[in-house]
Amino acid sequence: MKSSYIIAGVVGGFVKLSDAKSLWSTTPAGYGPDDSDDYILKSGYPIGNGRLGVISFGAPASEKLNLNVDSLWSGGPFENASYTGGNPPQPKYPALPDIRAFIFQNGTGGVSQLEGSSINYGSYRALGNVTITVPGVESYTNYKRSLDLQTGIHATQFSSGDANYTTSLFCSYPDQACVYHIESTGALPVITVGFENQLSDEDLITATCAGNSAQLTGYTQAGPPQGMKFSATARALGTSVIMSCADSSRLVIGSSNSTQKSQTIIIAAGTDFDQTKGNKESGYSFKGQDPTPIVEKTISEATSKTYESLHARHLKDYQTLEQAFHLELPDLKGSADLETAVVFANYNWTNSGDPFLESLLFDYSRHLLISSSRDNSLPANLQGRWSELLSSAWSADYHANINIQMNYWAAEQTGLGATEDALWNYMQANWAPRGSDTAKLLYNASGWVVHNEMNIFGHTAMKEDAQWADYPASAAWMMQHVWDHFDYSQDVAWLQRQGYPLLKAITQFWVSQLQDDKFFNDGTLVVNPCNSPETGPTTFGCAHYQQLIHQVFDNVLSSASAVGEKDSTFLESVKSSLSKLDTGIHFTTWGGIKEWKLPDSYGFDGPSTHRHLSHLIGWYPGYSMSSYAGGYNKNTSIQDAVKETLISRGLGNGDDANAGWEKVWRAACWARLNDTDMAYEELRYAIDMNFANNGLSMYTALSPPFQIDANFGLAGAMLSMLVVDLPLPYGAKDARTVVLGPAIPAAWGPGSVAGLRIRGGVSVDFEWDENGVVTKATPTSTARSRSKAVFVNIQGDSLAGI
């Protein structure tokens, strides 16, 4: 690893910076029990290209590559041809008037008449393993494996006999294939490559070897209907390569040159899922072409290139994204020279933390997003792109009451907006078509709606239990990401083509659903019915919904002028609804933010350690409280109530869960209060409690399942400590104040950021001193919007302006 040095806070001292970071280990990743440190998702290092995901494990002589394809799912129309995405055969909305009347009369109620089923929902699943056998290296020394976060390349090195060996593994987005390259200082032995799937029914998979390829094909079920088909192929490249079949399923790779010292193996895979066929015109089939010829074309094109060309094309693509942003923190403990597992073992949240590990995990977060979400893939799911099972925890699906949103918290500000194309395409193709049916059948509404849990087959209806399934606000939350993408990029063409239609449809849904508050009769509009995510009663006026709808209405009005909206009736309906909307900001008798509009006497709004912070959505990651209501800059009542709520919620280890995502969300909220101590304490606690030795976050402390949202959310929390950049409400003309370094701990100093993106299409570089106070800021691009911004530090000192 390269190193660089800057003057430290101590006169005459030097602090080694945590630059050019990688994860590394001196033992191979394993496939042990999931409660052990040898578990593949606690020991392996993930790579991917959006569509494909791979984790290498096993010793050099018998290495295996766990292979995933983004669209390989059980369930849906591939399991039941009459699958409806959970939508009922007949409308359910006639029940709504009685549901609403009961809730307004009694304060709480139920939505059992609207609930549905998760039958045939399915699960994300692994395709299988690529097996790579290298005879003669069963005994080895000097082993090291690493994941270079600047290149996205997994490498191993070891010695065996008189030779030294190195391998490189990467998944190329330009070539849509994964590349395994092995070199030796001596002549390479013959290598055997094959596929295995030890979990599927043997009747559903076929491993073959023919000509120059090893291949695995299979189906998720025998049928009828026939399940989703998947196909994978492995082939070597090079003019001197000799390939033959060891048996019916394994490919032997040798060379006509007896002194050949390297080999390159290409792996490609796909399914017959087609995202564009999830609409009424295609019968919601999601059925595409046979993947086998497509995989063959992909691998033929890749093997026509040299390894050097494949490597260079991968680096150019990966580093265009990776190098868009750079965070530089000091390596106070010399952790860069320690094995990653040792760095984790040394980490103790109760002391000063370790800026090296914290910055390593920040860079890792960006690597994981680049690897699991690209414009031709599905979005990153609950496990990103990596699962070793046929049925993953929570189906490794798309939970949309925090999880999929958290996956993209750091995208815009760190130059990874391109990874969000997967998100927009998914909402447009997988949610909106069936979601428009759900809106009509359940709510008699225009626009479209989805609920809390979604698969890739357009499951948009409500599932079985109101407390977690009654969540039609998920798309409203997603619209924050839509607006933010435009606000940061100023890409009007994208807004017209894709962003604004999404915003408008969700706005139309909520304009049609708001009700006059007949409980308080205070002239406001509220949602009825609603459930705050995964806690409390079915009621009306849930703060979470009201705050989100405030943002949606404001954002659609702000974007309407940019796209030249001509529908004046629509715009007037939004303005009218916004003027009467209850914005979801009320205070409890004990000083916190209320989660429900109901009086405290109903007993729901007492202090709680629940994992979700749903009623703080307008504080962070949203801005209806922090910006539109003036909470960050001037409203001390809001600030005090947010603080009391966070104190009540605790560190994120309550009886209901001990997940990483709840901790990093708390850290981000504390940072928006400019509370450096609490933000950093919560961040350290998350790392210590939930992050395994390979840097992946576990759900229940350090126990599986692996759930990737905390990996992504950690970067979002750290960005919240580095900057507060809030949008102004619709119609505001004032210059924005961007605070650089609202909660930078002294342990991170001195340090710097390059390439931080700011609303309005601006990037800024800045640096801070040994106390965490930003001392210099340099805008590196000109604002592309009419908005102006002033950069200040936490002490209020002006740094720059645009």
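Let me start with Asp317 and Arg374, whose side chains meet in a salt bridge, 2.8 Å from N to O. That pair links distant parts of the chain: Asp317 sits in helix α4, residues 307–322, while Arg374 sits in the loop between α6 (355–372) and β20 (398–399), and 57 residues separate them. Asp317 has 16% relative accessibility, so it counts as buried. Arg374 is also buried, with a relative accessible area of 8%. Keep in mind that this is a predicted model.

A second salt bridge is formed by Lys597 and Asp517, where the closest N and O atoms are 2.6 Å apart. Again the pair links distant parts of the chain, 80 residues apart. Lys597 is in the loop between α13 (568–580) and α14 (624–628), and Asp517 is in the loop between β22 (515–516) and β23 (525–526). Both of these residues, Lys597 and Asp517, are buried. They also belong to a network of salt bridges that links Asp517, Asp522, Asp582 and Lys597.

Now a local pair. Glu572 and Lys575 meet in a salt bridge at 3.9 Å, N to O. Both lie in helix α13, 3 residues apart, which is about one turn of the helix.

On to the aromatics. The count here is 34 aromatic pairs. In one of them, Trp483 and Phe486, the ring centres are 5.6 Å apart and the planes are at 50°, so the pair is tilted. Trp483 and Phe486 are 3 residues apart in helix α10, residues 474–489, so about one helical turn separates them. Trp483 counts as buried at 7% relative accessibility, and Phe486 is buried at 6%. Phe509 and Trp510 are another case: their ring centres are 5.0 Å apart with the planes at 90°, so that pair is edge-to-face. Both Phe509 and Trp510 are buried.

There is also an aromatic cluster, formed by Trp73, Phe78, Tyr121, Phe273, Phe286 and Phe457.

Two charges sit over rings. Lys504 lies over the face of Phe570, 5.0 Å from the ring centre. The charged end of Arg684 sits over the ring of Tyr680, 4.6 Å from its centre.

Next, the surface. Tyr31, Leu199 and Leu389 make a nonpolar patch of about 280 Å². Leu199 is in the loop between β12 (191–196) and β13 (205–210), and its relative accessibility of 48% makes it partly exposed.

Last, strand β31, residues 762–768. How many of its residues are buried? The strand is mostly covered, with 5 of 7 buried. On one side, 6 bridges join β31 to strand β30 (residues 751–758), and the two run antiparallel. β30 and β31 form a hairpin with 3 residues between them, and Gly760 in the turn has a positive phi of about 100°. Strand β32 (residues 774–779) is joined to β31 by 5 bridges, also antiparallel. That hairpin, β31 with β32, has 5 residues between the strands, and Gly772 in its turn has a positive phi of about 85°. Phe766 of β31 is the bridge partner of Val753, and in β32 the partner of Phe766 is Ala777.

Definitions and conventions
Residues are numbered from 1 along each chain as its sequence is written. This is a predicted model: local features need pLDDT of at least 70, side-chain atom pairs count only at pLDDT 80 or more; totals for chains, interfaces and linings use all residues. Side-chain values use heavy atoms; hydrogens and water are left out. Rings of Phe, Tyr and Trp (its six-membered ring) pair if their centres lie within 6.5 Å; planes under 30 degrees apart count as stacked, over 60 as edge-to-face and the rest as tilted. Helices (H or I, at least four residues) and strands (E, at least two) are DSSP runs, numbered from the N terminus. Buried means under 20% relative accessible area, exposed over 50%, partly exposed in between (1.4 Å probe, protein chains only). A charge sits over a ring if NZ of Lys or CZ of Arg is within 6 Å of the ring centre and within 35 degrees of the ring normal. Patches are made of residues with over 30% relative accessible area and no salt bridge: like charges are joined within 9 Å, nonpolar side chains (Val, Leu, Ile, Met, Phe, Trp, Tyr) within 5 Å. Accessible areas come from the Shrake-Rupley method with a 1.4 Å probe; for residues, only the protein chains shown count as cover. A salt bridge is a side-chain nitrogen of Lys or Arg within 4 Å of a carboxyl oxygen of Asp or Glu. Two strands pair if DSSP finds at least two bridges between them.
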